Amino acid sequence: MDKQRRKFLKIAGVTVLAGMSAPVVVNLTAAPPALASAGKGQATTSVPAAAHGGEAAPKGVRLGMLIDMRKLYGRPELLEKVMAVCNKVHNIPKIDNKKSEIKWIWKTPYANAFIDQSTNHSSKIARENDFLVLCNHCNQPPCVRVCPTKATFVDTKTGIVAMDYHRCIGCRFCMMGCPYGARSFNWMDPQPFIKELNPNFPARMRGVVEKCNFCGERLALGKEPACVEAVKEVGAIVFGDLNDPQSEICRILDKEHTIQRSAALGTQPSVFYIV
Amino acid sequence: MIEKALKGNSNYWMWLAFLSAFIAVGGICYLRQFLYGMHLTGMGRDLSWGLYISQFTFLVGVAAGGLMLVLPYYIHNYKAFGRITILGEFLAIASIVMCLMFIMADIGQPLRGLNMILHPTPNSMLFWDMVVLLGYLGLNIICGWVILTAERKQVKPPKWVYFFVYLSLPFAVSIHTVTAMLYCGLPGRHFWLSAITAPRFLASAFAAGPALIVIACLVMKRIANFDAGTEAIKKLTTIIMYAAIINAFFVGLEFFVGWYSNIPGHKHSLEYLFFGLEHHGHVYNNLVPFMWTSVFLCFGGLALFGYMKIKDVFNDVWVGVGCLMIFFALWLDKGLGFVMGGLVVNPLNEVVEYYPTANEIGITLGIWATGFLIVTILYKIAVKVEHEVEGHQ
């Protein structure tokens, strides 16, 4: 009798263990279609790059942004407009507390935006103007690498580094991984701090991370990102496919000298600057 | 065996009541955080990890430190550790429970915690940390319980349990290695981006874990009539000395790399921790007293142990003081300095100092008290079993 009970307990224990680990095994072995195509993309990036330290041959769409700061120098009102528009369309709460604030696109001095550039004898323009910073939508995003739930991921159709607010557990590992400080955490319920709710975009809940999404929701409707539209009058921000040599952004990148933030870290940022 | 924890003298119950008071306060503080949000902590956009994660990191080390008892006993057949190996295993259980509680306290959406398992992500070190921590917890529960049960029945432990005992050795190393990998693989966090992070974690773990066990042994000698044996304690202090010296050596290497290369990013965190970091005319130095306390306690403890070894004297009180000094030194080093130091300069070269809030400290103390409560109960059971066996003989 005792032996039978022991045998039963053994079988029951093994069954429970197997049951508990089943979702892991199933999820790891059956890659969803999106992941399968990501695998294909990775296969191309593993091909040795043409130049040492350069990026691999492009494949698919990779949306990028070029910020021509020359058109924004001396016009702080344009920077404010960009930030205000972004805050409005994305329901970003206005929290007047540096500790808990939420930022998607914001302005900062040259020395803070480009920490690996010399500021020993920076130009008067660089000293006197603020620079726009936002998520770089890296081609090799460390935030995606570290996320334990795939709540932040690369949208393979656009190259956008996107967020799933409903899956995020709020561990903030992505904020540790991001070398650009582009991510914000909802330390408190953001809704009371949203001045005017935009019903076309979700407001977030407390306890999740958020960041710039390159206006994926507007792109889906055939519109440009809100920041691009906000400074359309001077054409300071160009948006397009970095993998399409015929796109406007690629034509300008061919012509002009541009820099990226902390490019030496190998994240391959998709936001370029003319300073 | 659980019933053995239900009998004790008034001191035992007073100690449990004392711990329960902290647990109750911690529970209330956690409810506040759960209901109102994590802005009740000192963490913020720049310092988005704080006290919880640093305690987690330190306690993973305490859990891994049990290896220094299990390994000599089971691999080298070092009999003197026979009575205390179980203490290492039980300490590991309590430490990992605390680790898991700190993780749950730290995440913004604790109810979604299962997403880690429902959407397993092998490229995330946090996923692997969960795997090895749960694995190590399970192994220690199995090994500790089975071996103690066998001891109680005065039979040899079943052979199959040795498979789990030997498996727990690499697991002990893995938990702290993977915890170090949470930090040392992040671009742009220079203080953490160091291959020596994992070895350094292990070294400090192999000092802090045994130090806590020695303290527990000395306390139990006084109040529970449990004598670990002078030889075992002496050997543990030797292990603690070597591990603490290796940890200090590794910290010294970090200083060399920072100052000789003269790369600002490699120096900033150490400057902030030990000398104060000057930035735009303001000196940020709120951790400097803590770090120098750590240095003096570490070398003070080492000197004390060294003196006792050279003069060949042994005194429970001084051994206890030495272990307390080294344990506290390593707590300051890893449970405070490592995380805060690494985050003080944000990715935009702004400097932000961290001050934990009362609510946060309440939760932290509550979790520590829970750990002490679990350790007390488990050790009570282990000691009672030993007494029972001795009574039979």
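Why is strand β3 (residues 130-134) of chain A largely enclosed by the rest of the structure? Four of its five residues are buried, where buried means that 20 or more other C-beta atoms, placed from the backbone, lie within 10 Å of a residue's own, and so β3(A) is largely enclosed.

Before I go on, a word on the model. This is a predicted model, in which local features need pLDDT of at least 70 and side-chain atom pairs count only at pLDDT 80 or more, while totals for chains, interfaces and linings use all residues. Residues are numbered from 1 along each chain as its sequence is written, and chains are lettered from A in the order in which they are written. Strands (E, at least two residues) and helices (H or I, at least four) are DSSP runs, numbered from the N terminus.

Staying with chain A, strand β2 (residues 105-109) runs antiparallel to β3(A), and five bridges join them; Ile105(A), for one, has Leu134(A) as its bridge partner.

Turning to where the chains meet, 33 residues of chain B are in contact with 44 residues of chain A, contact being C-beta atoms within 7 Å. On the side of chain B, α5 (115-118) and α6 are the elements that give two or more residues, and α5(B) provides the largest share, four residues.

Lastly, within chain B, helix α4 (residues 85-106) packs against helix α6 (residues 125-153) at an angle of about 145°, with axes 9 Å apart, the axes being lines fitted to C-alpha atoms over the stretch in contact and the angles running from 0 to 180 degrees between N-to-C directions. Among the residues that meet there are Phe90(B) and Ile93(B) in α4(B), and Leu137(B) and Ile141(B) in α6(B).

How values were computed. Two residues are in contact if their C-beta atoms, placed from the backbone, lie within 7 Å. A residue is buried if 20 or more other C-beta atoms lie within 10 Å of its own, exposed if 12 or fewer, and partly exposed in between; C-beta atoms are placed from the backbone. Two strands pair if DSSP finds at least two bridges between them.
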